[in-house]
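Welcome, and please open the model in your viewer. We will go from stop to stop, selecting a few things at each.

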Amino acid sequence: MKNIPVILLGCGGVGRHLLQHIVSCRSLHAKLGVRLRVVGISDSKSLLLASDIFTRELEDTFLNEVSRVKLGGSSLKTLSSFVNECQIFTNLEATRTVIDVATHLSKSTGLVVIDCSASSETMGVLNRVVDLGCCVVLANKKPLTAEMEDYDKLVVHPRHIRVGAGLPVIASLNRILSSGDPIHRIVACLSGTLGYVMSEVEGGKPFSQVVKDAKNLGYTEPDPRDDLSGMDVARKIESLYPEEMGPNMMSLEDFLSCGLLLLDNDIQERVQKASLEGKVLRYVCVIEGPRTEVGLRELPKDSPLGRLRGSNNILAIYSRCYNEQPLVIEGAGAGNDTTAAGVLADILDIQDLFA
């Protein structure tokens, strides 16, 4: 039986569902000869660590309790009564502690650090643990949109990155490239959140209400502006809100209660204008050679991207072999449960790196 130690950074929607998947899949993983040994869990305020990282793990009953507490919106600090089950560290101690754990386990069993947070501040600890030879699995894409030097340092190490919730996007791209088939163009709708928002607005619902619905469904980032700005797709993009409504200018509460309402008319006018021409609005990413464009585009209703509904993602890959008819990957592109299942699959994909 392979015992793979893991530390989870971020225990919000995706992280909480990941813990539930790990517990519910114990019998299946046992048949595969694998056990994911959860030795640490962190949120924005604290880190919970197994009492002995070499021989102990956070028990499944405790993981279920963590899921229950986080579902209620409470901090992991409320589990301080479980002193016999784990060690508790403050946020200030968390980074140093995770690095210490990686230092010790990298010399013996190895370690997988899973980033399910929505923070750009995890880049430092991720770079440090990969320097130590540990693996990382990311549902959080923010560390990959930091400085290019940090990006290059991170991606040369064994890692898996979750794109398109549970869709096999990166695996498919790697298979095409490894066969010697050069990819020359990719056209995609990569934000399940924006796909859901635009298709719901087409049905006549106010933009502000649809964004709030998407947040309640768990489709958006904790701050929906990360989605509406296009930050979830790329960093050089067309934002759906003006600069004065940005995180540095307006609080999240004010944006949800007041700012969104101010965007309704403009979005509705754009939707109606496109509809008069037999088109729909989609948030599209086009990659062709060195050029990347991301933004709101008018597309024919009967095109593959135009037919997209709900929170699905779609990716059309054009290569030498897939030239006239592209390889199309489509499926659920948002949702905590779907993303968590994809993260779990990514962890299992790197099991061969462990003894």
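Is C258 buried, partly exposed or exposed? Select C258: its relative accessibility is 46%, so C258 counts as partly exposed (buried means under 20% relative accessible area, exposed over 50%, partly exposed in between, with a 1.4 Å probe and protein chains only).

A word on what you are viewing: this is a predicted model, where local features need pLDDT of at least 70 and side-chain atom pairs count only at pLDDT 80 or more, while totals for chains, interfaces and linings use all residues. Residues are numbered from 1 along each chain as its sequence is written, and side-chain values use heavy atoms, leaving out hydrogens and water.

Next, select C285, which counts as buried because its relative accessibility is 5%. A search of the whole structure finds zero disulfides (a disulfide is a pair of cysteine sulfur atoms within 2.5 Å). For C285, the nearest cysteine sulfur belongs to C189, 9.4 Å away.

Now show the open sheet, where five strands lie in the order 10-9-8-11-12 with antiparallel pairing (strands are DSSP runs of E with at least two residues, helices runs of H or I with at least four, numbered from the N terminus; two strands pair if DSSP finds at least two bridges between them). Strand 10 (291-300) and strand 12 (327-332) stand at the edges, so one side of each has no neighbour in the sheet.

Then pick strand 8 (residues 183-189) and strand 11 (residues 312-319), joined by six bridges. Here A188 stands opposite L315 in strand 11.

Finish at helix 13 (residues 336-349), which has 14 residues. Its buried residues include N336, V343 and L348.

Methods
Expected span 1.5 Å × (residues − 1).
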